[in-house]
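Visitor: I am new to this structure. Could you show me how to read a few of its features?
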Number of protein chains: 2
Amino acid sequence: MRADGVDEAMIAALRAFGRFYTRQIGLLEEGLHRSAFSLTEARVLYELAHRDRPTASVLGQDLGLDAGYLSRLLKRFEEQGLLTRRTAAEDGRRQVLALTQAGQAAFAPLDEASRAEVGALLARLPSADRAALVGAMARVRRLLGDPPEGPAILRDLRPGDIGWITHRQGLLYASEYGFDLTFEALVAEILAAFVRDFDPARAGAWIAEQGGEVVGSVFLAPACAGAGPAPETVGKLRLLYVEPSARGQGLGRRLTAACIEGARARGYRQLSLWTNDVLGTARRIYAEAGFRLVESAPHRSFGQDLVGETWMLDL
Amino acid sequence: MRADGVDEAMIAALRAFGRFYTRQIGLLEEGLHRSAFSLTEARVLYELAHRDRPTASVLGQDLGLDAGYLSRLLKRFEEQGLLTRRTAAEDGRRQVLALTQAGQAAFAPLDEASRAEVGALLARLPSADRAALVGAMARVRRLLGDPPEGPAILRDLRPGDIGWITHRQGLLYASEYGFDLTFEALVAEILAAFVRDFDPARAGAWIAEQGGEVVGSVFLAPACAGAGPAPETVGKLRLLYVEPSARGQGLGRRLTAACIEGARARGYRQLSLWTNDVLGTARRIYAEAGFRLVESAPHRSFGQDLVGETWMLDL
DNA sequence: CCGAGATAGTTGACTCGGTCAATAGTTGAC
DNA sequence: GTCAACTATTGACCGAGTCAACTATCTCGG
């Protein structure tokens, strides 16, 4: 363990992955070898086919290619009739690139071969492993700072979700606030009860997914009997969470809004939630959404001294 | 969805990862660019430093390098005094390669730079994300068929484990046997209760970890009160599971043995377990370990018609 | 023990992917 | 109008990697 909390074993694991994947890319390149294009050419073709009116400079930037090399490469494509280059109307320096019919026809088999190869790889895996692989890759990308392609979508609960959410919350609160195993157990228990007692007329789940990976969630459940006045009119917002690396795009707000909306739709008159004072970001979101703090009491849980808070919102 | 159950979105996700990581390796190469060595040379040096008496051919094989190219590269290293080549005693064709002192001295700064770079990358991440990244990378490697470096080790429960195990079991049984969400909820409930009521004198957890990733687990808990005769003398083996991709190395047997051993050490006289007849591999392991089937009853759970089985072992 | 065939490594000839630096044209800020 | 910054091009260059032919050694069947 180093001073900054980075473990040597972690470093070794990342480097091992790098070595592994470098080799993997070498193998991948062999697949292309039979075609008329090199890996770099194939990458350029891919970008040309998928981007909207790209210019040479953004291509070079994004693929990490030398401008001179790229220029020649594009010239060759043009000579082969795969590509047209027109100077951009709004900037005479730039050229708008576009594949011709022939270019698309040349790219299609490459694209298809790649898709088939990847498909065959996936088909070899048991189906539970397929989802795991896709999720793991999405996670690696996001954690290494690759911006996700699309916006986050909110979807319903699926197998694997409640375990995943338990896992992430357990890890997150353990490392950020020092919570012990009992916190994770509490999350597991809440989610188990949520599924066990699930009634779509009274409860709901919103899972935020981005690029094939779960990046946040929130749950709506009926308040426990005996908690507060007229419990059947009170809903409970539970387990709001957003992945650290997915923060800053307003996902917490979106999830909260969805939950409030869901509570209204199910006829609840009030929405309550329980949280801890250490969770600053979450508190801000609740306050913004109109919740008000109605109770605050110190408690010892999860191996920590905390101040529990109950918030309430009139719907 | 294609005929073989492979989803187009999955294929797209894998290809996106490939593009992303190809670019990532380009960036990595830039870091080396300042040093006297190319990426390939650095890879060869790394293997020379970490392998035991390698030969040129295995190096070429494992790194995917051309024999001719590698030969010249090694020759250059030898001329620079970084490397010695001796024909192997047992086979006159082969050469045993070894870095000289100078070779190790040349490699050390490279190695250190790489370690520092990776360390800096990790240090930028929140600590919960670090573990997630390492785990995700280990998973990608294992799922793509990279054999894990070391043997699996059995360790104790840590934050994140029970969620992870719930997640994997939920996904696994959903995809293999069509179990619905309630199965995952049951796992979550069992694990939550395990942690809540945890007493080291009566319960235990064995988590199999390999290359930074959880690949299996088993739990020992006291049998529920009222179940069978003299419940305090009966332990219960619960939630045995092994990742599909980690099967075939006797991990299930090892976990079962550890659990039995743990039950003996805690003074239990009998060990029971509940399973379903569809789980063939698990049943074989139980039978081999000496468990005998004592009860069998059909039930409808998890959206499926199943036959539940109780097995028992005298300790 | 011999010879066929495989394997480990070497070498020459070559290609191609990529770098570097100089240059020309274009744009926007002042 | 000038100048700095940017886009793209071109010539000169090189090192990484490929391919095929060749030597030396080992293995195995007869």
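Visitor: Is B:Pro151 buried or exposed?

Guide: Buried means under 20% relative accessible area, exposed over 50%, and partly exposed in between (1.4 Å probe, protein chains only). B:Pro151 has a relative accessible area of 65%, so B:Pro151 is exposed. This is a predicted model: local features need pLDDT of at least 70, side-chain atom pairs count only at pLDDT 80 or more, and totals for chains, interfaces and linings use all residues. Residues are numbered from 1 along each chain as its sequence is written, chains are lettered from A and ligands numbered from 1 in the order in which they are written, and side-chain values use heavy atoms, leaving out hydrogens and water.

Visitor: Where does B:Pro151 lie?

Guide: Helices (H or I, at least four residues) and strands (E, at least two) are DSSP runs, numbered from the N terminus. B:Pro151 sits in the loop between helix H6 (127–143) and strand E3 (153–155) of chain B.

Visitor: Which residues is B:Pro151 in contact with, leaving aside neighbours within four places in sequence?

Guide: Contact means heavy atoms within 4.5 Å. B:Pro151 touches B:Glu209 and B:Gln210 in this sense.

Visitor: How many residues surround DNA strand C?

Guide: A residue is near a strand if one of its heavy atoms lies within 4 Å of it. For DNA strand C there are 21. H4(B) gives the largest share of this surface, five residues.

Visitor: Which atom of DNA strand C lies 2.6 Å from a polar side-chain atom of B:Arg72?

Guide: A base oxygen. For B:Lys75, a side-chain N or O atom is 3.3 Å from a phosphate oxygen of DNA strand C.

Notes. A polar contact is a pair of N or O atoms within 3.5 Å; within protein, one must be able to donate a hydrogen and the other to accept it, and residues adjacent in sequence count only if both atoms are side-chain atoms.
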